[in-house]
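Work through the exercises below with the structure open. Try each task before you read its solution.

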2 protein chains.
Amino acid sequence: MRVLNKATFACSPRLFLKRGGSVNSEDRKQRVLALIIEQYIQTGEPTGSKKLCEGLPQAVSPATIRNDMAWLTDMGYINQPHTSAGRVPTQKGYRYYIDRLMQRQELSRDEQNYIGGMLGHASQNPEHFLETACALLADMTGLAAISTTPSDKQAKILRIELMPTGIKTVLLLVMTSTGLFKSRLCRLEVEANYEVIAILRKLINDYFTGRILREITPAFIQTLAVSLGDMTLIVMPLLVAVHETIRGAADSQLLLEGQSNLLAIPELDPIEAKAVLEFLSHREKLLTLLSRDEKHSAAAYIGKENGRPELNASSMVISTYKLGENGIGKIAVLGSTRMDYAKIISHLDYFAKTIGEMLSQNFEEE
Amino acid sequence: MRVLNKATFACSPRLFLKRGGSVNSEDRKQRVLALIIEQYIQTGEPTGSKKLCEGLPQAVSPATIRNDMAWLTDMGYINQPHTSAGRVPTQKGYRYYIDRLMQRQELSRDEQNYIGGMLGHASQNPEHFLETACALLADMTGLAAISTTPSDKQAKILRIELMPTGIKTVLLLVMTSTGLFKSRLCRLEVEANYEVIAILRKLINDYFTGRILREITPAFIQTLAVSLGDMTLIVMPLLVAVHETIRGAADSQLLLEGQSNLLAIPELDPIEAKAVLEFLSHREKLLTLLSRDEKHSAAAYIGKENGRPELNASSMVISTYKLGENGIGKIAVLGSTRMDYAKIISHLDYFAKTIGEMLSQNFEEE
DNA sequence: ATTTAGCACTCTCATATCTCGAGTGCTAAT
DNA sequence: ATTAGCACTCGAGATATGAGAGTGCTAAAT
């Protein structure tokens with residue numbers, strides 16, 4: 001029984017205690033709740049009073065447990081699907097469990113090595129690396145995994161390169177302080193010989209180098225354009241291209257893996273599952289949800305806590321990895337509310353830590 | 001009744017005709033088959049002899065139809081789910097229908113304009129463009145849509161650029177004749193001042209410029225490395241990076257949209273649906289499947305014809321778009337075998353044509 | 001005050017039985 | 001070659017039934 005050791009109890013606040021409750025019955029109620037939740041997470045079946053007292057350390061009769069269960073039901077921590085069934089946790093129950101009762105189940109050495117080994121290879125290319133990490137996370141947890149590429153609100157433009165590719169086209173390459181390179185083709189109004197390019201390159205870099213990505217707003221571009229005078233017509237296509245490229249570089253990309261795992265959740269009927277999958281395909285909504293918190297430890301959002309009707313029967317666990325000074329990215333899993341939080345939360349934190357470290361290796365030397 | 005006009009009949013070969021069959025009964029059997037298939041595609045329910053004869057032009061009794069149906073069943077074009085049910089098409093039935101009976105239902109002017117409008121905006125950036133197109137296709141057909149970025153077996157390396165980004169790192173940029181730009185960070189053993197870079201750039205371009213992507217095999221790199229003598233140690237990291245970048249540029253990317261549509265298929269039970277979704281997440285397998293044929297018109301693969309047990313109850317329709325001289329890409333949909341082929345096939349061809357045209361616009365001017 | 005035994009009660013699940021109707025295949029007549 | 005007539009089959013849905021799990025309550029015991 002991994003969850004309930006003396007230490008946890010000693011320091012857990014007596015939230016359950018109402019007038020007239022003894023410390024003993026207090027402890028027992030917490031144990032009962034934890035047991036119900038863990039049983040349910042494991043088997044997916046409601047638990048009855050009989051099975052429950054087998055799992056308790058002190059021998060008590062089912063009737064006693066039933067009283068506790070009745071109380072827990074009244075308080076909204078558990079409920080029963082129907083009269084003659086056992087109890088299952090409510091979302092409030094899960095919340096209490098995660099906050100107060102659960103003991104994290106850290107990864108074993110073996111698991112850590114496995115992850116390290118799998119990710120070690122792929123760490124060169126940031127995009128592929130995250131894809132691999134995501135797939136691995138999805139595989140190990142049996143859930144859908146989501147991650148974002150690193151984003152940095154303070155990210156600056158390091159340099160902008162121009163290279164002629166055709167008679168009237170140039171390749172635009174924007175380098176940012178997050179180690180990102182974004183390229184884009186741009187069609188000019190004039191022929192782009194080397195001299196013109198050189199002038200444009202200098203011009204563009206004078207304007208943009210060192211600026212923070214978020215500064216580059218349409219208004220900023222507009223101001224620039226005005227100040228250019230005669231040159232405006234020639235430079236404008238370039239300005240627009242730079243703007244669009246930067247806009248693309250500023251918001252982070254989204255990676256999804258293991259979506260099919262969602263279909264293996266029995267308590268999610270196909271219609272709900274479809275709604276969840278549909279939700280996942282709306283990148284912006286998902287990004288909003290992921291960027292809710294900046295906590296550095298994994299946080300669980302249970303059912304309605306996600307604030308999305310589609311996810312009422314799903315839980316998300318989100319963790320954050322750091323990259324460099326200000327860069328952050330998200331890694332998360334999505335699954336049924338009935339997931340093994342003790343395990344999953346640790347997994348996410350470990351993944352976040354590892355991803356952060358591995359990506360930073362590439363990054364440091366600049 | 002869009003499918004069966006005189007013209008189709010006149011030229012459709014009398015494959016059904018066995019000894020003793022009249023031309024009349026021949027025609028009727030084909031009509032019956034087509035009707036059964038179209039009914040089934042529309043309603044998803046088996047069709048009985050009674051309903052069938054309402055749909056036929058000549059008035060015949062249900063009993064006559066029943067004889068025809070018995071024959072069609074014997075020949076394996078249709079079957080009955082159980083004794084007291086009507087008939088549903090078999091995969092062989094669909095195949096015959098698509099090849100001989102079906103009349104393509106071309107897109108209306110409105111639909112064409114709608115597609116043109118939606119895609120018109122996004123045509124700048126190839127990746128985003130395809131994503132939009134895919135999403136639109138998924139949306140309009142209600143199926144899962146798949147596409148690949150253009151690939152070109154004859155694609156050549158146009159140029160390779162090197163730019164210093166850090167003290168010992170350079171950015172490698174490979175431009176290909178398909179209009180693709182792939183960048184990658186590369187760590188050198190030596191400090192990379194401008195002179196070194198210039199030498200390396202010349203060296204690399206001498207070796208690689210103009211070569212066909214597929215030439216760049218590990219063996220080729222090996223040969224190069226040997227011929228370099230003293231320089232090997234310095235240049236090797238660069239060679240490796242070039243090789244990996246090119247490998248990444250050579251195989252096309254895969255885009256998926258509308259996966260959640262697969263869950264709306266009632267005749268696909270959740271377990272099968274999961275298998276299909278899982279299959280979709282294996283990029284390589286999917287790529288293999290997509291590149292089966294190089295036909296320039298949309299081709300349908302019905303159920304087992306896909307050669308994949310996971311897809312036994314699914315159909316794929318694949319079309320090819322052309323880009324430039326040798327560039328091709330795929331666009332496809334995946335859904336239940338019970339899909340509206342007459343509509344979907346035309347859709348795919350129209351999408352392929354439009355995508356090809358729009359991408360080529362960007363491309364031509366080089 | 002808390003715990004426990006005993007018991008009546010409720011509700012689901014699985015199984016069995018029944019009927020209804022749709023759709024068929026066959027036969028004999030046209 | 002077509003059709004009417006008819007007996008037959010089978011699945012879907014409604015209804016009944018029993019077993020079992022689990023409860024809440026009451027009254028007794030600690």
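**Exercise 1. Work out why the buried residues of H12(A) line one face of the helix.**

Step 1. List the buried residues. In helix H12 of chain A (residues 283–290), they are A:Leu286, A:Leu289 and A:Leu290.
Step 2. Look down the axis. The buried residues of H12(A) fall within an arc of 100°, so they line one face.
Step 3. Recall the geometry. An α-helix has 3.6 residues a turn, so residues three or four places apart point the same way.
Step 4. Check the other side. There, A:Glu284 and A:Thr288 are exposed.
Step 5. Find the packing partners. The buried residues of H12(A) pack against helix H11 (270–280) and strands S3 (144–148), S7 (254–257), S9 (314–323) and S10 (327–336) of chain A.

**Exercise 2. Describe the side of chain A that touches chain B.**

Step 1. Count both sides. 26 residues of chain A contact 26 residues of chain B.
Step 2. Name the elements. Strands S4 (157–164), S5 (169–176) and S6 (181–187) and helix H11 of chain A each give two or more residues.
Step 3. Pick out the largest share. H11(A) provides it, with 5 residues.
Step 4. Sort by class. This side of chain A has 11 nonpolar, 8 polar and 7 charged residues.

**Exercise 3. Find how chain A and chain B are related.**

Step 1. Superpose them. A rotation of 180° with 0.0 Å of shift along its axis places chain A on chain B, with an RMSD of 0.1 Å.
Step 2. Read the symmetry. The two copies are thus related as by a two-fold rotation axis.
Step 3. Locate the axis. In chain A, the C-alpha of A:Pro270 is nearest to the axis, at 3.5 Å.
Step 4. Compare the surfaces. The same surface serves both copies, as 96% of the contact residues of chain A recur in chain B.

**Exercise 4. Identify what surrounds DNA strand D.**

Step 1. Count. 25 residues surround DNA strand D. The closest are A:Gly48, A:Ser84, B:Thr64, B:His82 and B:Thr83.
Step 2. Assign elements. Helices H3 (49–55) and H4 (62–75) of chain A and helices H2 (23–43) and H4 (62–74) of chain B each give two or more residues. H4(A) gives the largest share, 5 residues.
Step 3. Sort by class. The surface near DNA strand D has 6 nonpolar, 16 polar and 3 charged residues.

**Exercise 5. Decide where chain A should be read with care.**

Step 1. Start with the whole chain. Its mean pLDDT is 87, and 92% of its residues reach 70 or more.
Step 2. Compare elements of chain A.
Step 3. Over residues 1–14 of chain A, pLDDT stays under 50.
Step 4. Conclude. Where pLDDT is low, the predicted coordinates should not be read in detail.

Conventions: Residues numbered from 1 in each chain as written. Chains lettered and ligands numbered in written order. Predicted model: local features only at pLDDT ≥ 70, side-chain atom pairs only at ≥ 80, totals over all residues. Buried ≥ 20, exposed ≤ 12 C-beta atoms within 10 Å, placed from the backbone. Helix = DSSP H or I, 4+ residues; strand = E, 2+ residues; numbered from the N terminus. Arc of directions from axis to C-beta. Contact = placed C-beta atoms within 7 Å. Near = placed C-beta within 6 Å. Nonpolar A, V, L, I, M, F, W, Y, C, P; charged D, E, K, R; others polar. pLDDT = per-residue confidence, 0-100. Least-squares fit on C-alpha atoms with pLDDT ≥ 70 in both.
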